[in-house]
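Q: I have a model open on my screen and would like to learn how to read it. Could you take me through some of its features?

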Amino acid sequence: PKVWKAYSERAQREVQSCSPEELCKLVRALCRVDFPKRSLLNAISRKLREEADALQPRQLAQMLSDLRRLGHLDGPMLLALLGKGRLEERLEKFQTFDLPLLLNAFARAALRDEARVAAVGKALMSRSPVELTPSVVATAFYSLALLDCGSDGTALELANNAVPRCLTAASQQELVNTAFALVVRIFPARSCCPLL
């Protein structure tokens, strides 16, 4: 990691002159080598907050995923990166496989923003069933279960329509995530643990 330490020190000095695309590449590289250098990530986060609206949908989804994997995503950062504009309008530009990444970002940042989560769910369910692959369905369903969200009907629609269609092609991890979500949906925490 000496080379990464030297690299991160140099990169930190350059962050202010980086474009949003360059920042995405930098965070992607840190994620790929699992090098969560806090000082560098803090500098990048400050710059990203200023330029959040310049991120393309694919860049935003990947950035959220990478920051989450590096342990550097929290609620305020998630909201800052989602930008000041109407989320519903931006969601139309996201690819289908990016929408569950947004739901997962909410879940991992422990941000239970039902209006925004519902907007992402609505965008996801408006896509063609062919686009709702086992990975997309399992990630979305699992994320909604972690958030205990989905009262807008997204979780129910996934459970009734998309999950049964995807079960035969799901990977082992997707099956585990789906089973977890089903258990959470059927047995909410309050019914299992009355003290909660």
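A: Let us start with a helix pair: α7 and α8 are roughly antiparallel to each other (an angle over 145 degrees; under 35 is roughly parallel, 65 to 115 roughly perpendicular and the rest oblique). Please keep in mind that this is a predicted model, where local features need pLDDT of at least 70, side-chain atom pairs count only at pLDDT 80 or more, and totals for chains, interfaces and linings use all residues. Residues are numbered from 1 along each chain as its sequence is written, and side-chain values use heavy atoms, with hydrogens and water left out.

Q: At roughly what angle do the axes of α7 and α8 cross?

A: Axes are lines fitted to C-alpha atoms, for helices over the stretch in contact, and angles run from 0 to 180 degrees between N-to-C directions. Helices are DSSP runs (H or I, at least four residues), numbered from the N terminus. Here α7 (residues 99-108) and α8 (residues 114-125) cross at roughly 160°, and their axes come within 9 Å. The crossing is left-handed (the near helix is turned anticlockwise from the far one by less than a right angle; clockwise would be right-handed).

Q: Which residues of α7 and α8 meet?

A: Contact means heavy atoms within 4.5 Å. Leu99, Pro100, Leu102, Leu103 and Phe106 of α7 meet Arg116, Val117, Val120, Ala123 and Leu124 of α8. By class, this contact has 9 nonpolar, no polar and 1 charged residues (Ala, Val, Leu, Ile, Met, Phe, Trp, Tyr, Cys and Pro count as nonpolar, Asp, Glu, Lys and Arg as charged, and the others, Gly among them, as polar).

Q: How do the axes of α9 and α11 cross?

A: Helix α9 (residues 134-147) and helix α11 (residues 172-186) cross at roughly 35°, with axes that come within 8 Å. This crossing is left-handed. Among the α9 residues that meet α11 are Phe141 and Tyr142, while the α11 side includes Phe180 and Leu182. The contact of α9 with α11 has 10 nonpolar, 3 polar and 2 charged residues.

Q: How many disulfides are there in the whole structure?

A: A disulfide is a pair of cysteine sulfur atoms within 2.5 Å. The search finds 0, and for Cys18 the reason is distance: the closest cysteine sulfur, in Cys24, is 11 Å away, too far for a bond.

Q: Is Cys24 buried or exposed?

A: Buried means under 20% relative accessible area, exposed over 50%, and partly exposed in between (1.4 Å probe, protein chains only). Cys24 is buried, at 13% relative accessibility. Cys18 is buried too, with 14%.

Q: What does Gln59 touch?

A: Gln59 lies in helix α4 (residues 57-69) and is buried, at 18% relative accessibility. Leaving out residues up to four places away in sequence, Gln59 touches Glu21, Cys24 and Ala54.

Note on methods. Helix = DSSP H or I, 4+ residues; strand = E, 2+ residues; numbered from the N terminus.
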